Amino acid sequence: PQVVAVAPSVLGVFIASYGLGKDVWTIPFSDITKILRIYLFESIMYITALALTRISILLLYLRVFRISDIFRRITYGLIAINVGYAAAFNLTMLFQCRPLNYAWNGWDGEHEGVCLSLNGIGWSAAAINIVLDIAVIILPLPTITNLVLPWHKKLPVILLFLLGLL
């Protein structure tokens with residue numbers, strides 16, 4: 001996941017050099033098209049990185065917490081949901097416009113096509129990300145609270161997991 005997680009950061013710096021974040025009227029038209037083309041690929045890499053990061057944490061849970069069948073089933077279920085999330089949103093991003101090149105050419109008004117709402121896609125992806133993050137963070141808490149340890153040793157571990165909510 002680290003290689004995939006680095007890609008959106010590198011691409012973000014790259015598209016900023018073309019003018020992302022600047023007033024659109026100060027950017028050459030050819031650069032706007034480049035920014036939008038790279039941004040589409042960056043979005044796909046970002047969604048993939050988020051899902052793979054959560055999956056790697058869940059695989060760690062499977063290795064560390066060999067407690068119950070229910071825990072394993074929930075963990076495998078969350079892995080499957082993350083795979084489905086990544087596949088669904090990557091396909092949605094990839095095919096957000098018809099024709100595909102309208103995603104980076106549609107801004108100029110010289111091309112014909114139709115796109116899904118990028119804001120709607122972004123907000124729904126963010127909401128699902130938040131829910132999945134919370135699920136991954138709280139999943140091991142019942143197991144940790146049931147450890148046979150004094151509370152002064154359990155509490156720091158629980159707080160460490162809850163720190164992930166920030």
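Mentor: Leu155 lies in helix H7, a helix being a DSSP run of H or I of at least four residues, while a strand is a run of E of at least two, both numbered from the N terminus. This is a predicted model, where local features need pLDDT of at least 70, side-chain atom pairs count only at pLDDT 80 or more, and totals for chains, interfaces and linings use all residues. Residues are numbered from 1 along each chain as its sequence is written, and side-chain values use heavy atoms, with hydrogens and water left out.

Trainee: Why is Leu155 called partly exposed?

Mentor: Buried means under 20% relative accessible area and exposed over 50%, with partly exposed in between (1.4 Å probe, protein chains only). Leu155 has 43%, so Leu155 is partly exposed.

Trainee: Which residues make the nonpolar surface patch?

Mentor: Ile130, Ile134, Ile138, Trp151, Leu155, Leu159, Leu162 and Leu165 make this patch of about 730 Å². Helices H5 (118–138) and H7 (151–163) are the elements that give two or more residues to the patch. H7 has the largest share, four residues.

Trainee: What makes Cys97 and Cys115 a disulfide?

Mentor: A disulfide is a pair of cysteine sulfur atoms within 2.5 Å. The sulfur atoms of Cys97 and Cys115 are 1.8 Å apart, and the pair forms a disulfide. The pair links distant parts of the chain, with Cys97 in strand E1 (residues 97–98) and Cys115 in strand E2 (residues 114–115), 18 residues apart. The count comes to one disulfide.

Trainee: Is Cys97 buried or exposed?

Mentor: Cys97 has a relative accessible area of 4%, so Cys97 is buried. Cys115 has 35%, so Cys115 is partly exposed.

Methods:
Patches are made of residues with over 30% relative accessible area and no salt bridge: like charges are joined within 9 Å, nonpolar side chains (Val, Leu, Ile, Met, Phe, Trp, Tyr) within 5 Å. Accessible areas come from the Shrake-Rupley method with a 1.4 Å probe; for residues, only the protein chains shown count as cover. A salt bridge is a side-chain nitrogen of Lys or Arg within 4 Å of a carboxyl oxygen of Asp or Glu.
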